[in-house]
Amino acid sequence: MSDLFEPNIVAFVCNWCTYTGADLAGTSRLTMAPNVRIIRLPCTGRIDTLFILKAFERGADGVIVSGCHPADCHYTAGNYHARRRFAVFRELMEFAGIDPQRVTFSWVSASEGGKWAEVVNNATEQVRRLGPFQKYPSPAAHAGEIACKS
Amino acid sequence: MQELRDLAKKLLLDKQVNAILGYEWDRRGARPAFITEAGDCDRLVFDHRCVQNLAAYLSPRRANIAQLGRLAVVIKACDARAVAGLIRENQLKREDLVLIGVRCGGVVVNPSDSEQLNAENIAPRCVGCEQREPTLADHLVGETQSAPVGKANRDLRLSEIEKLNPEERLSLWTSLLSQCTRCYACRQVCPMCFCERCIADKTQPAWIESSPHSRGNFSWHLTRALHLAGRCVDCGECERACPAGIPLGLLNHKVARIVASRYGYAVSDDPSRETPIGSYRLDDEQEFIA
Amino acid sequence: MNNRRMLNKTDFEDFVDSLLRAGITVIAPVRREQGGEKVEYRPIHSPAEIVLSGQPPVRPLKEVVFPPTEPLFNWKQTKASVQIEEVPTEFKETVVVGARPCDAAALEIVDKVMGWDYRDELWFGRRQAVTVLSLACPQSDDSCFCTAVGLSPESTRGADWFMSSVDGGFEIEILTPKGEKLLERCKDRCRETKGRTNAMPSLDAKVRANLNIDPGKVREWLEKHFDDPLWSDVALRCHGCGACAFVCPTCHCFDIVDELDGIGRGQRRRNWDACQPALFTLHGSGHNPRKDQTARFRQRIMHKFNIYPARFGEVLCTGCGRCIRACAAGMDLISILSEIDRKSAEEGA
């Protein structure tokens, strides 16, 4: 166990479906990987793609984005808008070199506690296989400047 | 050329507009010209060296240009797509502008480039461009042009990058973007980057780090490309303006291909056409969502 | 012993190689990784990379001593206390080979402001670590105007060695104690020589043809014309980006930001800033004292050709022409300065 890489995963979830679903997973005492930290937002429509980049900037190895199934959005269409944005961002991100396996998108409703546990376990396994995200761009020194004596 | 000058003169003399925004020669090729006197209209020119997208000057936030009053603008087909974008996004009213469309057979990369347009020096974005003249125009001037021919192939470059593995792609972009010093020339010359306060300039919280290190630059350029999804008019100004020589057009071209393949969308100069981000269909593909 | 030496080409390359082997950082103009003909000042690994001919590097030498972003200190927060960790202000010995005279001169001009009301430790730390070998300018284009601001393609200002290309090698003028110290490293390779032979035809006349003005007259005109139609006319074209400032060897404005590196730790950094974007002078209240591009563009010219001369006795410009080459909107400092010169002559007459 101690030799295993334990990834840090940040989950951005919507208040109405996935957060409640995750709550259900907890109250149902389902076992799942302890690697995920949840950040609750009103709607997937509120999840800016910059949240995903920010999570990686601050050292996350993986990200989960989850909300209401299509037709279930508390605000009618937030998830439809989000779906388009994520679809484009995911392909752009892949083109820029972020392995899409590091970012899991899912729909988890308030009654799908079991599905949430599955999403968490799958994402954790997937990111564990990829290893720590050390290659994410860092604030290294500029190429042309005179280096410090050290 | 005379046709353009006569039209401009007439528009000014008839008081249809207060100023003409077009092109003129300077020491180093073509540059934007702001003409307010009919007598100065003979300075106006147009040829393949008039590469700038003048729609960038039409943002209502350019206070010193708004002061000129009602404008007539010289636009190529690609520039017209930007004007349409500004109208679509409620930045401009169609009736507040006179649009002088110019027929275009492609442009060079830099306004100081050669007097001859050929397959070697043509801007890569013009290769394959199917629009010789804007449909969104009040007047159309210039001779009929043939479709531009060129050797550049942006799709080939894209597929070369796509063939790399994720780690190789990440180090390629990290190295390319590490050259960025955040002069924001890419943003300022972009006709579609008109936000009152850019996300990159916000400090509370600082969503995009303003430091020009690889981490901040990665976040900025990915976000810039995404915010232009379905909005980029492919005028190539960002890449031309970049003093660090970063191939920004590749990111925009990639995003344009994504929205084309997923949502069948191609940017147009029809202001009534809905853009792919900001609209949706109930049955949009969602193969990536578990 | 005089201060002129002759070094043939292979000996020069051996000398650069010996510097690299001694662990000294060597920075020189090299081709961009993916940029075709364009060159930049970058650390080299072998003398073969150096490109001394053609257009000057797109970006100036300033970023060697004043990086686009650098940490000022690191901080760590634990409960109620904050620990500050200073950044080192001593730097690795570095030699710049093949600096353009306009770039070398800029370092000395900016020294004045960096050592004015307080001494900038990071700037002078790097300045002390660097020995600048500049090269008589091999090429000029229609954007060059160094002769109009008191320099020339053969200006030795700011250089520790001044090198001129001659048949088979370089003639070197040793100008400073730092330069003499570096000479120790290649004493046996070079031989003494007499006068400057100036084998290469001077570019002086060609540059002078681009722009021939008196900066003093320009300053007098600027003093009297804070409000002039010239400003609103030329500023129409300006997009308000920072490209001109960021390729300028003398622009030195910076911004200071705090950035997190994780939870409870981060860095205070200083980043290049530029006076053309509106954000530069935007107050927290929403008021902006430089309300439009006209005011902002005037500031750029005023600072370089009036304010800096008033405070430090010389213009903040070396005539490298980079702002002209970089501007996407075709803003042309040569045209603007000659327009001011023309106006000033008209009014003087």
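In this predicted model, the contact between chains A and B draws on 35 residues from chain B and 34 residues from chain A. On the chain B side, four helices each put in at least two residues: helix 4 (154–163), helix 5 (166–177), helix 7 (214–227) and helix 9 (248–263). Helix 7 of chain B gives the largest share of that side, with eight residues. Sorted by class, the side of chain B that touches chain A comes out at 20 nonpolar, eight polar and seven charged residues.

Now for chain A itself. Its secondary structure consists of four helices and four strands, and going along the sequence they turn up in the pattern β-α-β-α-β-α-β-α. Along the principal axes, the C-alpha atoms of chain A fill a box of roughly 60 × 40 × 20 Å. Of the 150 residues in chain A, 54% are buried. As for who touches whom, take the contacts in chain A between residues at least 6 apart in sequence: 82% of these join residues at least 24 apart.

B:G29 sits in strand 2 of chain B, which runs over residues 29–35. Once neighbours within four places in sequence are set aside, B:G29 is in contact with B:R49, B:P111 and B:S112. There is also B:E115 to consider: 86 residues separate it from B:G29 in sequence, while the C-alpha to C-alpha distance between the two is 9.1 Å.

Chain C brings in a domain picture. Its domain assignment gives domain 1 as 4–68 + 75–210 and domain 2 as 215–348. The C-alpha centres of these two domains of chain C are 25 Å apart, and the contact between them takes 28 residues from domain 1 and 25 residues from domain 2. On the domain 1 side, the elements that give two or more residues are strand 4 (69–78) and helix 3 (101–114) of chain C. Helix 3 of chain C supplies the largest share of that side, eight residues. In terms of class, the side of domain 1 of chain C that touches domain 2 splits into 19 nonpolar, four polar and five charged residues.

Definitions and conventions. Residues are numbered from 1 along each chain as its sequence is written. Chains are lettered from A and ligands numbered from 1 in the order in which they are written. This is a predicted model: local features need pLDDT of at least 70, side-chain atom pairs count only at pLDDT 80 or more; totals for chains, interfaces and linings use all residues. Two residues are in contact if their C-beta atoms, placed from the backbone, lie within 7 Å. Ala, Val, Leu, Ile, Met, Phe, Trp, Tyr, Cys and Pro count as nonpolar, Asp, Glu, Lys and Arg as charged, and the others, Gly among them, as polar. A residue is buried if 20 or more other C-beta atoms lie within 10 Å of its own, exposed if 12 or fewer, and partly exposed in between; C-beta atoms are placed from the backbone. Domain bounds come from an automatic or database domain assignment.
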